[in-house]
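Open the model in your viewer and keep the selection tool ready. Each stop below says what to select and what is there.

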Amino acid sequence: MGLVDYSSSSGDEVLPDSPPCKRHKRKAEPNGEQESTMPPLPATFHDLYASTVRQSVVDDPSLHQGRKRQNPHVVGHWPSHIYVEWHPTTTQHDTLDALMKKTQTQIGGDIHLHNFLTSDLGTPLPLHISLSKPLSLPTSKKDDFFSKIQDAIYTSGVGRFSVKPAGLAWYRSPDSDRTFFVLRVITTRELSSQNTDDKKKPLRLSTNPELMAILVKCNKAAAHFGQPPLYQQSAGDAVDTAFHVSIGWTMGSPDEETCLMVLKNFRDAQFGQIRDWEIDVDGVKAKIGNIITHVPLSRRGDGQKGSEEPDSLFGF
């Protein structure tokens with residue numbers, strides 16, 4: 001529904017003798033941002049309006065900047081996704097927006113860099129770290145799937161943790177013609193050794209032990225229901241280095257020289273603060289159809305269900 005413009009003769013005018021509306025005072029934070037004295041919205045509020053209005057059940061790329069569904073819509077099937085959500089602060093959003101604008105200038109006008117930072121209405125959007133591929137679940141299996149994912153997260157042995165940006169990367173999707181512009185992430189805590197039975201290979205430090213532990217559980221649950229796993233071990237790349245936050249995408253990709261030039265922006269003084277960011281992970285979200293459920297991680301990291309119950313909300 002579009003916004004309605006009301007004329008100045010509307011019945012809601014303020015009378016001359018009406019007391020002026022009080023403005024809520026804002027105080028400055030140490031980083032320079034203004035903090036409202038109003039109580040913050042609960043984290044689960046964002047889930048209420050996380051789903052966009054469905055424009056068509058038919059795959060129509062003209063409605064989505066040329067994108068095509070990875071999983072064609074099937075009546076009776078629910079598009080699903082497991083992920084970690086991140087709501088950048090105002091300063092973080094503005095920094096990423098500046099990075100996107102500089103990147104667009106560097107790659108030139110022949111390739112359009114779409115962004116995941118802002119909605120069509122100009123509202124800042126949450127970003128995410130995927131823990132599953134886009135899935136398609138039949139109605140008969142969706143509840144069992146969620147139960148298995150919930151148990152997998154509770155028994156992963158992972159407590160609340162944080163990750164930090166580690167660099168920029170271009171990722172060509174194997175399932176479409178899109179190339180994603182991403183921010184790679186690694187754990188912020190001391191890295192742990194990765195066990196191996198092969199004595200000839202040296203031990204390697206895992207860059208994302210917590211995300212890997214959750215991913216392994218989620219992949220097993222997906223496989224149990226005949227769904228594809230996220231990230232496959234390849235000869236040249238380790239799975240735990242693949243975790244990232246997508247911030248933009250293009251159809252096709254820039255040439256190699258331009259790609260490398262853009263990646264150097266991560267070390268540019270203009271964007272130096274990005275390297276100091278911490279992304280707190282206090283839970284995992286499961287989106288099944290337009291229902292989003294937040295599954296909290298344990299505060300203790302002991303693999304036991306915490307005191308919080310999952311919050312299940314509907315998106316409209």
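Start with two helices that run roughly antiparallel to each other, α2 and α5; the label applies because angles over 145 degrees count as roughly antiparallel, under 35 as roughly parallel, 65 to 115 as roughly perpendicular and the rest as oblique. Select residues 90–107 for α2 and residues 256–263 for α5. Their axes are 10 Å apart, and the packing angle is about 155 degrees. Axes are lines fitted to C-alpha atoms, for helices over the stretch in contact, and angles run from 0 to 180 degrees between N-to-C directions.

Now show side chains. On α2, pick Thr103, Gln106 and Ile107; on α5, pick Thr258, Met261 and Val262. These residues make the contact, meaning heavy atoms within 4.5 Å. Three of the contact residues are nonpolar, three are polar and none is charged. Here Ala, Val, Leu, Ile, Met, Phe, Trp, Tyr, Cys and Pro count as nonpolar, Asp, Glu, Lys and Arg as charged, and the others, Gly among them, as polar.

This is a predicted model, in which local features need pLDDT of at least 70 and side-chain atom pairs count only at pLDDT 80 or more, while totals for chains, interfaces and linings use all residues. Residues are numbered from 1 along each chain as its sequence is written, and side-chain values use heavy atoms, with hydrogens and water left out.

Next, select Asn265, in the loop between α5 and β12 (279–281). Is Asn265 buried or exposed? Its relative accessible area is 4%, so Asn265 is buried; the cut-offs are under 20% for buried, over 50% for exposed and partly exposed in between (1.4 Å probe, protein chains only). Asn265 touches Leu99, Lys102, Thr103, Gln106, Leu168 and Phe271, leaving aside neighbours within four places in sequence.

Move to His244, in strand β11 (residues 244–251). His244 counts as buried, at 13% relative accessibility. Draw a distance from its C-alpha atom to that of Leu168: 9.0 Å, across 76 residues of chain. Beyond four places in sequence, the contacts of His244 include His128, Ser130, Arg184 and Tyr231.

Tyr231 leads on to Asn219, which touches Pro229, Leu230 and Tyr231, not counting residues up to four places away. Asn219 lies in helix α4 and is buried, with a relative accessible area of 15%.

Phe145, Lys148, Ile149 and Ala152 of α3 meet Lys217, Cys218, Ala221, Ala222 and His224 of α4. Six of these residues are nonpolar, one is polar and two are charged.

Finally, zoom out. The chain has five helices and 15 strands; helices (H or I, at least four residues) and strands (E, at least two) are DSSP runs, numbered from the N terminus. Of its 316 residues, 36% count as buried. Colour by pLDDT, the predictor's confidence in each residue, from 0 to 100. The mean is 78, and 65% of residues reach 70 or more. Residues 1–23 fall below 50, with one contact beyond near neighbours in sequence. Residues 311–316 are also below 50, with 24 such contacts.
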